[in-house]
Amino acid sequence: MTLIIDFDVLEKYLLVSLKGSDHPLLSIPAEKLLHPETMDVVLEKGKTAFSAYDLSLPASLIGNALFGLCGALQWVMAQHNQWIDFPLKNLIFQMISLNGYLYGAFQIKQLVLRSIPTDSHAREEFIRSQLSAFYEQEIKPVVQLAAERAGVRPELIWNQYGARMVYLRDFLMEIEPDEQVRQSFLRDYDLLKSLPADLFGKRKNPFICRPRYIDNPQNPGKPLLLRSSCCMYYNRKGGVKCYNCPRLTPEQRMRMQ
């Protein structure tokens with residue numbers, strides 16, 4: 001039986017796709033993000049496209065695109081018990097415009113799936129090993145170089161990941177009818193949070209996050225998750241902070257309602 005992965009979900013919410021964008025503002029082999037001169041070009045392109053005041057916003061854009069890969073792994077593991085290989089050499093990084101906003105996205109050149117063991121102990125060991133290699137060899141080097149070339153601390157990127165993964169968890173818990181899939185996601189999420197901090201080049205695993213929620217004026221019956229760190233989207237001409245930005249005071253947030 002052929003395995004069918006719903007890439008519509010991954011593309012819509014995590015900007016990870018097989019086909020990529022038809023009209024990207026920028027499109028490069030993802031492994032070139034490890035080259036300082038290419039990273040400089042991407043950051044400057046993002047600064048210009050965003051009308052940003054400095055390179056912190058395009059660095060955040062790159063970091064959020066990388067999170068899309070992190071989220072896609074957790075999603076597919078829970079839904080299909082499959083591991084997607086995401087080496088940079090098999091990806092294309094794109095800068096795209098959607099509904100008037102700019103995003104970083106990844107296109108998969110060739111889909112490579114591996115079955116995850118079903119035995120609980122073997123499954124845990126497999127996932128722990130694969131996640132460790134993924135973050136240490138693929139994600140961390142790009143985060144560190146993006147931060148270095150942008151003149152910001154890597155925490156600007158990493159600190160956003162905690163709430164983003166909580167949001168993905170909450171979303172899956174809400175839409176997924178299969179209890180087995182929900183429990184699988186939660187177990188794999190716990191594994192992710194148990195990885196040692198040095199895999200990320202930090203003193204704390206960035207996915208360890210105590211979620212905080214605030215009132216949602218657009219949907220009073222559904223609290224809004226507070227971001228774990230600012231995405232820097234305000235740091236541009238005409239920019240404003242998001243309603244759920246942790247840098248806002250309650251008084252400032254009240255004035256935005």
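Let me start at Leu 15, which sits in the loop between helix 1 (7–14) and strand 1 (16–17). Helices here are DSSP runs of H or I with at least four residues, strands are runs of E with at least two, and both are numbered from the N terminus. This is a predicted model, where local features need pLDDT of at least 70, side-chain atom pairs count only at pLDDT 80 or more, and totals for chains, interfaces and linings use all residues. Residues are numbered from 1 along each chain as its sequence is written, and side-chain values use heavy atoms, with hydrogens and water left out.

Leu 15 is not a glycine, yet its phi is positive, about 55°. Most residues other than glycine have a negative phi. Leu 15 has 16% relative accessibility, so it counts as buried (under 20% relative accessible area; exposed is over 50%, partly exposed in between, with a 1.4 Å probe and protein chains only).

Asn 81 is in the loop between helix 3 (56–80) and strand 3 (82–84). Its phi is positive too, near 55°, and at 19% relative accessibility Asn 81 is buried.

Now strand 4, residues 91–98. Why is strand 4 largely enclosed by the rest of the structure? Because 6 of its 8 residues are buried. Strand 2 (residues 26–29) runs antiparallel to strand 4, joined by 4 bridges; pairing requires at least two DSSP bridges between two strands. Leu 26 stands opposite Met 95 there. Strand 5 (residues 101–108) also pairs with strand 4 in the antiparallel sense, over 8 bridges, with Ile 96 opposite Tyr 103. That hairpin has 2 residues between the strands, and Asn 99 takes a positive phi near 55° in it.
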